[in-house]
There are 2 protein chains.
Amino acid sequence: MTRVGTTSETNRMAGSDLFAVVRDELSTVETRLQSELQSDHGRVDEVVRHGYRLGGKRLRPALLLLAGKAVGPLNDAHETLAVVVEMIHTATLVHDDILDEADLRRHVDTINARWGNETSVLLGDFLFSHAFYLAATIGSADACQLIGKSTNRVCEGEMQQTLAEGDLEIGVEDYFSIIDAKTAELCSCCCHLGALYADADKATIEALASYGRNLGIAFQIADDLLDLCGNESTTGKSLGRDLAKRKMTLPLIHARDSRVDGPRQAFLALVDDKTDQQELIAALAESGSIDFARDTAEQYASQALSDIKNLEPSAAKTSLETLATFVVSRQR
Amino acid sequence: MTRVGTTSETNRMAGSDLFAVVRDELSTVETRLQSELQSDHGRVDEVVRHGYRLGGKRLRPALLLLAGKAVGPLNDAHETLAVVVEMIHTATLVHDDILDEADLRRHVDTINARWGNETSVLLGDFLFSHAFYLAATIGSADACQLIGKSTNRVCEGEMQQTLAEGDLEIGVEDYFSIIDAKTAELCSCCCHLGALYADADKATIEALASYGRNLGIAFQIADDLLDLCGNESTTGKSLGRDLAKRKMTLPLIHARDSRVDGPRQAFLALVDDKTDQQELIAALAESGSIDFARDTAEQYASQALSDIKNLEPSAAKTSLETLATFVVSRQR
């Protein structure tokens with residue numbers, strides 16, 4: 001099922017008023033993204049431009065800009081690095097779509113559905129390498145090192161997840177290790193960079209990096225819940241992709257570990273079979289596993305709020321606070 | 001056809017005496033590569049370590065070290081950057097194997113034959129991001145920028161090539177544009193970095209960068225010839241992969257353009273059909289297309305020699321000269 005023609009603008013994070021305090025900067029980021037993603041070679045140019053339309057919710061550049069603005073004035077480095085982190089995130093999305101064999105991402109054709117796996121791999125590589133090049137243009141090896149290390153952890157987390165697919169016995173600590181690496185790491189890096197280039201002191205940088213990490217974990221748990229219980233018309237993604245790949249997420253792990261012996265085996269058989277999603281959801285409800293996952297996400301969001309409680313009051317701080325609440329309650 | 005168990009050491013460039021003048025440094029590079037390519041997660045660690053075995057001929061780190069040594073003493077930056085360029089090259093090889101659907105690379109299982117495309121994509125990303133992180137550790141944003149930009153051009157060239165597959169009318173200038181980006185760019189970058197971090201003057205850096213570019217073009221033309229006319233037991237690669245993908249390389253383009261009307265169509269039908277490789281090779285010989293490609297490679301090799309003629313005599317300079325001759329005469 002493939003729908004095309006929806007512009008990227010309509011696919012941004014619902015409630016984008018959240019980012020009002022950095023709206024101008026985000027708009028500059030959009031312009032920069034479009035101007036950077038070009039090629040002199042006609043066929044390549046077409047692919048690279050399509051890549052722009054596949055971008056995410058602009059959560060990561062917004063985090064970087066909000067973290068910066070919460071502690072000091074923004075400068076050119078923030079703007080460039082905001083473009084960099086979105087480019088890296090888009091690269092992981094493009095490669096993720098190969099992994100997931102998904103043909104629909106935010107109601108726009110995925111690259112591999114349109115041009116095939118070969119081109120998807122190369123577009124992702126183009127985005128990664130362009131991002132690293134751009135990071136280096138601000139003239140600081142520190143930024144390159146931070147971004148390189150975080151991206152490396154993201155890849156490691158994705159690999160860990162892929163290699164664990166189909167392992168229905170995966171432990172809860174593995175789940176957290178995976179989402180910490182594949183999602184929270186880059187969110188943390190964004191906040192770290194925002195604070196660092198606003199010349200914040202060490203403690204403030206650490207507080208914001210911790211905020212980003214906790215927010216990222218909350219976001220991913222909520223995202224996994226949406227994948228399991230959401231519906232395609234609001235999320236714009238194929239339904240239950242995690243389940244289709246036998247990827248164990250928090251509600252499934254909780255439901256499994258709430259049962260012993262026969263009921264445990266029966267539950268895992270339901271996961272393994274995955275044809276009756278309604279029955280599975282009923283089983284999750286029975287052990288309170290959906291509520292458990294939602295509560296856990298909320299705890300991480302609370303921790304994120306606590307991380308930044310000592311920041312001076314500002315509109316940017318308020319946005320970061322609202323965002324922490326929003327990521328666990330969003331419907332898309 | 002998959003063979004396993006051959007150690008990487010036996011798969012290095014034949015005539016590795018070429019690199020004798022930087023043997024100690026290359027040996028340190030091997031140790032560093034092995035120690036960098038590790039993960040704390042068991043399943044991930046296994047994949048990442050296998051990635052080490054898939055490395056190339058170490059041509060790129062050797063170029064970087066030889067270029068540096070030809071103009072000044074080597075230092076820690078050279079060693080780190082030599083590891084970086086080999087890691088980037090390995091990443092492109094891993095992703096190339098996805099593109100080419102090849103199950104054999106240097107007699108070692110390719111990652112995708114063993115773990116599937118998903119893991120191949122992620123291992124390549126891991127290698128890229130780790131390389132960029134490592135480049136940043138030398139504390140110079142210049143190196144990151146040069147490497148990011150070159151890698152970006154490599155990806156662009158690969159994309160250009162992939163999108164041109166099956167286009168039997170591709171022009172000779174497109175062929176050169178593709179090999180310049182996908183191969184010569186990184187070779188040039190290696191020589192540039194080697195000279196730059198040995199504190200060479202601008203003219204010397206440019207001369208060595210030009211040497212690397214011309215050597216890279218000569219190398220790629222020779223590599224394409226080997227793919228067409230070589231044999232699997234010596235190259236360790238599946239035979240005629242370019243042809244199987246209807247990728248037009250220099251001898252094919254020359255043979256096509258040496259013919260008009262009926263003979264031209266007949267020749268392209270032979271390429272399109274690709275079942276009778278002997279007949280195709282005979283057609284190439286008839287128009288002198290194999291000799292033409294070999295002569296062209298030799299001209300680029302001569303240009304490379306000319307680029308470095310003003311360097312002070314040294315063992316490293318002699319190695320660079322010998323290398324330029326070797327790349328066009330090699331049998332594997």
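The model is predicted. Chain A has 16 helices and 2 strands, and 63% of its 332 residues are buried. The area buried between chain A and chain B is about 4200 Å², and a search of the whole structure finds 40 salt bridges over all chains.

**Chain A overall**

- The secondary structure of chain A consists of 16 helices together with 2 strands.
- Of the contacts in chain A with a separation of 6 or more, 78% are between residues 24 or more positions apart.

- Helix α1 of chain A runs over residues 23–36, and its 14 residues should span 20 Å at 1.5 Å a residue. The C-alpha atoms at its ends are 20 Å apart, which agrees with that expectation.
- The buried residues in α1(A) are A:Leu26, A:Val29, A:Glu30, A:Arg32, A:Leu33 and A:Glu36.
- An α-helix has 3.6 residues a turn, so residues three or four places apart point the same way.
- A:Leu134 belongs to helix α6 of chain A. With a relative accessible area of 3%, A:Leu134 is buried, because buried means under 20%.
- Apart from its neighbours within four places in sequence, A:Leu134 is in contact with A:Arg32, A:Glu36, A:Thr80, A:Val83, A:Val84 and A:Met87. A:Arg32 and A:Glu36 are also among the buried residues of α1(A).
- A:Thr80 is 54 residues from A:Leu134 along the chain, yet the C-alpha atoms of the two are separated by 7.2 Å.

**Contact between chains A and B**

- Chain A and chain B contribute 47 residues each to the contact.
- The size of an interface is often given as the accessible area lost when the parts come together. Here the area buried between the chains is about 4200 Å², and carbon and sulfur atoms give 67% of this area.
- The interface of chain A and chain B holds 4 salt bridges. B:Asp167 and A:Arg43 form a salt bridge in which the closest N and O atoms are 3.1 Å apart.
- On the side of chain A that touches chain B, α2 (42–53), α4 (76–100), α6 (117–136) and α7 (141–164) of chain A each supply at least two residues. Helix α7(A) gives the most to this side, with 15 residues.

**Helix α9 of chain B**

- The 28 residues of α9(B) should span 40 Å at 1.5 Å a residue, and the end C-alpha atoms are 40 Å apart, which agrees.
- Because 22 of the 28 residues of α9(B) are buried, the helix is largely enclosed by the rest of the structure.
- At the start of α9(B), the backbone nitrogen of B:Ala203 has a side-chain oxygen of B:Asp201 within 3.2 Å.

- Side chains of opposite charge can pair when their charged atoms come close.
- B:Glu165 and B:Lys245 form a salt bridge through their side chains (3.8 Å, N to O). B:Glu165 lies in the loop between α7 (141–164) and α8 (172–196) of chain B, and B:Lys245 in the loop between α11 (241–244) and α12 (250–257), so the pair ties together parts that are 80 residues apart in sequence.
- In this pair, B:Glu165 is partly exposed at 21% relative accessibility, whereas B:Lys245 is buried at 17%.
- B:Arg213 and B:Glu185 also meet in a salt bridge (3.2 Å, N to O). B:Arg213 is in helix α9 (residues 202–229) of chain B and B:Glu185 in helix α8 of chain B, 28 residues apart.
- B:Arg213 is partly exposed, with a relative accessible area of 24%, while B:Glu185 is buried at 10% relative accessibility.
- B:Arg256 forms a salt bridge with B:Asp257, with 2.8 Å between the closest N and O atoms. B:Asp257 is partly exposed at 44% relative accessible area, and B:Arg256 is buried at 3%.
- In chain A, a network of salt bridges links A:Arg153, A:Asp180, A:Glu185 and A:Arg213.

**Aromatic pairs**

- Over all chains, a search of the whole structure finds 5 aromatic pairs.
- One aromatic cluster is formed by A:Tyr175, A:Phe176 and A:Tyr300.

Key
Residues numbered from 1 in each chain as written. Chains lettered and ligands numbered in written order. Predicted model: local features only at pLDDT ≥ 70, side-chain atom pairs only at ≥ 80, totals over all residues. Heavy atoms only, no water. Helix = DSSP H or I, 4+ residues; strand = E, 2+ residues; numbered from the N terminus. Expected span 1.5 Å × (residues − 1). Buried < 20%, exposed > 50% of the residue type's maximum accessible area, 1.4 Å probe, protein only. Phe/Tyr/Trp six-rings, centres within 6.5 Å; stacked < 30°, edge-to-face > 60°. Contact = heavy atoms within 4.5 Å. Buried area = accessible area lost by both parts, 1.4 Å probe. Polar contact = N/O pair within 3.5 Å; in protein donor to acceptor, adjacent residues only side chain to side chain.
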